[in-house]
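Colleague: I would like to go through the charged pairs and the fold of this model. Shall we take it by question?

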Amino acid sequence: MEVLRKYIDADSLMAIMTLPETFKNRKLEVIVLPAEEQDKSSKKAVDIEQALQSLVGAIPYTDMSLVELREERLKKYENID
């Protein structure tokens with residue numbers, strides 16, 4: 001992945017975007033990275049969507065603590081990345 005890093009005056013950047021007043025009259029470091037666009041039709045996105053849909057709804061009452069419920073869910077969905 002290609003990365004661009006540059007130091008510029010805040011006044012130059014303020015012409016392009018809104019910055020906090022505390023940045024005024026200072027040198028700023030700008031790092032530019034390419035945006036990763038996620039393809040919704042990919043298998044990974046579909047798997048994640050299905051996993052999220054299965055989580056929707058109320059958790060049934062059990063004698064399990066929240067920590068135990070969390071561990072159970074983490075084990076169930078640990079292979080979905």
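**Salt bridges and fold**

Modeller: Arg 70 and Glu 71 form a salt bridge, with the closest N and O atoms 3.6 Å apart. A salt bridge here is a side-chain nitrogen of Lys or Arg within 4 Å of a carboxyl oxygen of Asp or Glu. This is a predicted model: local features need pLDDT of at least 70, side-chain atom pairs count only at pLDDT 80 or more, and totals for chains, interfaces and linings use all residues. Residues are numbered from 1 along each chain as its sequence is written, and side-chain values use heavy atoms, without hydrogens and water.

Colleague: Is Arg 70 buried or exposed?

Modeller: The classes rest on relative accessible area: buried is under 20%, exposed over 50%, partly exposed in between (1.4 Å probe, protein chains only). Arg 70 has 52%, so the class is exposed.

Colleague: Which residue forms a salt bridge with Lys 27?

Modeller: Lys 27 lies in strand β2, and the partner lies in strand β1 (residues 4–9), so the pair ties together parts 18 residues apart in sequence. Strands are DSSP runs (E, at least two residues), and helices are runs of H or I with at least four, numbered from the N terminus. The closest N and O atoms are 3.6 Å apart, and the partner is Asp 9.

Colleague: In what order do the elements of the protein chain run?

Modeller: The chain has three helices and two strands. From the N terminus on, the order is β-α-β-α-α.
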